[in-house]
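Here is a short briefing on one structure. It covers a pocket, a helix pair and a sheet.

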Amino acid sequence: MRHDHVLTAKQFSRADIEAVLDRAADFDRPTGDTRHTDSLLGLLFFEPSTRTKMSFEAAIKRLGGDVLDMGSVDSSSVTKGESLADTVRVIEGYADALVLRHPQQGAAKMASEFVDVPVINAGDGAGHHPTQTLLDLYSIRENAGLDDLTIGIMGDLKYGRTVHSLAQALTNFDATQHFVSPESLALPPEVRYDLDEAGAAVEEHTELAGVLPELDVLYVTRIQRERFPDENEYRAVASAYGIDRSMLEDAKDDLSVMHPLPRVDEIDPAIDDTDHATYFDQAHNGVPVRMALLDSLL
Amino acid sequence: MTQDHELRVGKIRNGTVIDHVTGGQALTVLAILDIDGSGGEEISVGMNVPSDRLGRKDIVKVEGRELSQEEVDVLSLVAPDATINIVREYEVIEKHRVERPEEVVGVLTCPNANCITTAREPVDSRFSVLEDGVRCDYCGTLIREEFADHIGVE
Ligand SMILES: [Zn+2]
């Protein structure tokens, strides 16, 4: 795959995805490969995300390259009111590719229009998180395969950018997607529009119980406290969209439970040592997948 | 009958007559053209006049200004059936229908307050035109109706 920018999961074809996942499988074993010793990756994180940032850092270092880290937003020129367009045009001169995490939707797309180096969207507000999607797909392929897949996606589907990207990417495969959320956090109309356009098999639910027994994969996301004005309302919703060990008695034996992490209360830690728990492997897969992606871009 | 209503809103000497505008959309058409009268433009508007083709239609006449193709195309969002007559010395010298553009740049404001195009960045709004609405190229937000609410006012 050769893309100048990685902005949304919508840009991926099935062939693109499979090329990255195959390449990632090679990187999954230590290779001592240092093919990118001259490469510098610019990390521009306008909101904190330790894991995504460390995962990109690990990936480029394992390829022999290094990072240039803009640092935290409070210590940067951003607080002095510099535009994102200016920031990326300056950092472009220092780095071979830019990884951007930004609170506003469309930030990575806009940034890509101002620079000649590849821009990788590492999360833009409630928008997209395409590299998370690649590692999710890698994990799904390892655990359940990407065809004839029945997947449940549960939690905050409205603001969850990992959900939006994953749902779009899954339209490339023979997958039935069951979305489980409170009505107030259902899929936004633009994501639903894309799924309908792609002819995806989609069902929306407010409860997990009815659909759980059918699932090969259950992808759980965190419901954020700040989405609710009222603490009690939040607690009620959060507990209704979490899972514990007893609920999994109704699930297929080989159900894979995934989560983009960090989790709070959505997955009972008692599930961690069952065969269902896939989330830590999923997180580890971020490095080889991002290595494969960077290798194709640099 | 048509003659009658033409007369009601007056003939123009040089400029553009936008006819067969969807009933009630004349003010939106003016907003899209960024005409609010403050520039001294001479405008005649007929609203909800009877029309054989549309039942009720609006007519907008703009004296002294010929619309660009780009402006005309954007009108298609609110007035898909509009016809544009370019008038010189009281004669219609060109007549055309609006066509749906593939995209609309810098005209609409994205309704998503968290969209990068609404931030203080040097970027124009850009919407792709779909069958049944428009969609922000940056954040994906759909606008299907009430375009008038999203006309960008500088
Ligand atoms: Zn937008």
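Ala, Val, Leu, Ile, Met, Phe, Trp, Tyr, Cys and Pro count as nonpolar; Asp, Glu, Lys and Arg count as charged; the others, Gly among them, count as polar. By that scheme, the lining of the largest pocket divides into 15 nonpolar, 20 polar and 12 charged residues. This is a predicted model: local features need pLDDT of at least 70, side-chain atom pairs count only at pLDDT 80 or more, and totals for chains, interfaces and linings use all residues. Residues are numbered from 1 along each chain as its sequence is written, chains are lettered from A and ligands numbered from 1 in the order written, and side-chain values use heavy atoms, without hydrogens and water.

**Largest pocket**
- A pocket is an open set of points on a 1 Å grid over the protein atoms alone, where a 1.4 Å probe fits, with protein on both sides within 12 Å along at least five of seven lines; lining residues have an atom within 4 Å of a point.
- The volume of the largest pocket is about 1,200 Å³, counted as the space filled by probe spheres set on the points.
- It has 47 lining residues, and the closest to its centre are A:Arg101, A:His129, A:Arg161, A:Thr162 and A:Arg222.
- Helices (H or I, at least four residues) and strands (E, at least two) are DSSP runs, numbered from the N terminus.
- H2(A) gives the largest share of the lining, five residues.
- Elements giving two or more residues to the lining include helix H6 (161–170) and helix H7 (189–197) of chain A.

**Helix pair in chain A**
- The axes of helix H1 (residues 14–27) and helix H5 (residues 130–143) of chain A come within 10 Å and cross at roughly 70 degrees. Axes are lines fitted to C-alpha atoms over the stretch in contact, and angles run from 0 to 180 degrees between N-to-C directions.
- H1(A) is therefore roughly perpendicular to H5(A), a class that spans 65 to 115 degrees.
- The residues of this contact (heavy atoms within 4.5 Å) divide into eight nonpolar, no polar and three charged.
- Among them, A:Ile17 and A:Leu21 lie in H1(A), and A:Leu134 and A:Arg141 in H5(A).

**Sheet in chain B**
- Five strands form an open antiparallel sheet in the order S2-S3-S1-S4-S5 (chain B). Two strands pair if DSSP finds at least two bridges between them.
- The edge strands are S2 (42–51) and S5 (91–97) of chain B.
- S2(B) and S3(B) pair over eight bridges, and a hairpin joins them through three residues.
- B:Gly46 has B:Ile59 in S3(B) as its bridge partner.
- S4(B) and S5(B) pair over six bridges; B:Asn85 has B:Lys95 as its bridge partner.

Conventions. Angles under 35 degrees count as roughly parallel, over 145 as roughly antiparallel, 65 to 115 as roughly perpendicular and the rest as oblique.
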